[in-house]
Amino acid sequence: MEWRFDSRKKVDIRGLRREFVNVLRARGTGDFTAAELVWGELVGNAIRHAPGPIAVQLDWNDDSPVLTVHDEGDAFEPDIRLPADPMSEHGRGLYIVRALALSLGVTDIEGDGSQVSARLPVRRAA
């Protein structure tokens, strides 16, 4: 499943998030709250740091789904540490994602932005 939008335009982000969680609940079992927080952090980071076209993809080719957020922003080196001020509104998103997700990966797509992927703590329902 994929969602595409331009963050510079009015978008119903809450609706997209709700749809994402509904897809997970319909197909799986697990920590939906953690998965929703991962979605919020990754999409929020893309909106904040790389305004423009964003693609959010949910791949369920394995037992647990992988959420990938692709933006057209500059490449970045992920800093997955908790910031010096843990109450800061900046610098803790990837730390939170890493704590909640089963895995986290950041890829520079040469000439086409960045891609962040997280394996979610959800399993395919029997």
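Buried means under 20% relative accessible area, exposed over 50%, and partly exposed in between, with a 1.4 Å probe and protein chains only as the setting. The model is predicted, so local features need pLDDT of at least 70 and side-chain atom pairs count only at pLDDT 80 or more, while totals for chains, interfaces and linings use all residues. Residues are numbered from 1 along each chain as its sequence is written, and side-chain values use heavy atoms, leaving out hydrogens and water.

**Exercise 1. Describe the fold in outline.**

Step 1: Take the elements, where helices (H or I, at least four residues) and strands (E, at least two) are DSSP runs numbered from the N terminus. The chain has three helices and seven strands.

Step 2: Check the overall size. The radius of gyration, taken over C-alpha atoms, is compared with a globule rule of 2.2 Å times the number of residues to the power 0.38. For 126 residues a compact globule would come near 14 Å, and the chain agrees with its 14 Å.

Step 3: Look at the interior. Buried residues are 40% of the 126 in the chain.

**Exercise 2. Examine the salt bridges and their partners.**

Step 1: Recall the idea that side chains of opposite charge can pair when their charged atoms come close. A salt bridge is a side-chain nitrogen of Lys or Arg within 4 Å of a carboxyl oxygen of Asp or Glu. The whole structure holds five salt bridges.

Step 2: Begin with Arg4 and Glu2, whose closest N and O atoms are 3.3 Å apart. Arg4 is exposed at 63%, and Glu2 is partly exposed at 40%.

Step 3: Turn to Asp6 and Arg8, paired at 2.7 Å between the closest N and O atoms. Here Asp6 is buried at 17%, whereas Arg8 is exposed at 57%.

Step 4: Finish with Arg123 and Asp63, where the closest N and O atoms are 3.4 Å apart. Arg123 lies in strand E7 and Asp63 in the loop between strands E3 and E4, so this pair ties together parts 60 residues apart in sequence.
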